[in-house]
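The following exercises are to be worked with the sequence and the three-dimensional model at hand. Each task is followed by a solution in steps.

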Amino acid sequence: MAADFVAARLNMVESQVRTNDVTDVRLHDAMRAIPREALIPADKGFQAYADVDVEYAPGRYLLRPREVSKLLQAAKPVEGERALAIAAPYAATVLETIGLDVTRFDAEELKALPGGDYDLIVVEGAVTRAPQTWLDALAPGGRLLVIERNGPTGQAVYYVRADDGVGRRTLFDAMAPVLPGFEPKAGFAF
């Protein structure tokens, strides 16, 4: 029996997105329309709408619907803005559907970025701390949304570039697999 992905998308929005205080109707509409199963290997299609991080390439995952929708809502995307999606195929598709000009970046090495002056940067994966190169790629007023994780749990973090530097704010607790190359460094502790 074939999976009913249309019903699964609707259920995902109703049970994993809206119930977690994501109220941006543009996000709801985009997430109801975008086939997440098309972004992952066919043998993992059944996981597309589950409350799990789904591996789409070795070491790369689509974030859980809750995490990605809360990140995107916090970003307050505006039609016409220039965005960079780092290892973020689903977030990129949602932002494109909303009307942003999105550059997708899914290279093996993610610290050196293509270009700069982005209004919005979003990452579908965790890092220990956002690298300075990502912060430097923000335009004035630009926002970076990423999950930072040094242990078993992480936190969604919002960075914004201002005239006098970059501000950082923690948004919510979040889980995401750590992107390769961004693992915490082992150290000595008592």
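**Exercise 1. Which residues are in contact with Arg36, leaving aside its neighbours within four places in sequence?**

Step 1. Apply the criterion for contact, which is heavy atoms within 4.5 Å. Arg36 is then in contact with Met12, Ala48, Tyr49, Val52, Leu62, Leu63, Pro65 and Tyr90, its neighbours within four places in sequence being left aside.

Step 2. Locate the residue. Arg36 is found in the loop between helix H2 (25-33) and strand S1 (54-57). Helices (H or I, at least four residues) and strands (E, at least two) are DSSP runs, numbered from the N terminus.

Step 3. Examine the charge. Arg36 is buried yet has no salt bridge, and the nearest side chain of opposite charge, Glu124, is 5.3 Å away. Here buried means under 20% relative accessible area, exposed over 50%, and partly exposed in between (1.4 Å probe, protein chains only). A salt bridge requires a side-chain nitrogen of Lys or Arg within 4 Å of a carboxyl oxygen of Asp or Glu. Lys and Arg count as positive and Asp and Glu as negative, while His and the chain ends are not counted.

Step 4. Examine the polar atoms. A polar atom of the Arg36 side chain lies 2.6 Å from the backbone oxygen of Ala48.

A note on the source: this is a predicted model, in which local features need pLDDT of at least 70 and side-chain atom pairs count only at pLDDT 80 or more, whereas totals for chains, interfaces and linings use all residues. Residues are numbered from 1 along each chain as its sequence is written, and side-chain values use heavy atoms, with hydrogens and water left out.

**Exercise 2. Which residues touch the most other members of the largest nonpolar core?**

Step 1. Define the core: a set of buried Ala, Val, Leu, Ile, Met, Phe, Trp, Tyr and Cys residues joined through side-chain atoms within 4.5 Å.

Step 2. Find the members with the most partners. The largest nonpolar core has 61 residues, of which Ile86, Val94, Ile121, Trp134 and Leu144 touch the most other members. Strand S5 (residues 118-127) supplies the largest share of this core, seven residues.

Step 3. Follow one member. Beyond its neighbours within four places in sequence, Trp134 has contacts that include Ile86, Ile121, Val127, Leu144 and Phe182.

Step 4. Turn to Val127, which is in strand S5. Val127 is buried, with a relative accessible area of 0%. The C-alpha atoms of Val127 and Pro180 are separated by 8.8 Å, although the two residues are 53 apart along the chain.

**Exercise 3. Why is helix H4 described as largely enclosed by the rest of the structure?**

Step 1. Consider burial. Eight of the ten residues of helix H4 (residues 89-98) are buried, so the helix is largely enclosed by the rest of the structure.

Step 2. Name the buried residues: Pro89, Tyr90, Ala91, Ala92, Thr93, Val94, Leu95 and Ile98.

Step 3. Inspect both ends. Ala87, in the loop between strand S3 (82-86) and H4, has a positive phi near 45° although it is not glycine. H4 is followed by Gly99, with a positive phi near 115°.

Key
A polar contact is a pair of N or O atoms within 3.5 Å; within protein, one must be able to donate a hydrogen and the other to accept it, and residues adjacent in sequence count only if both atoms are side-chain atoms.
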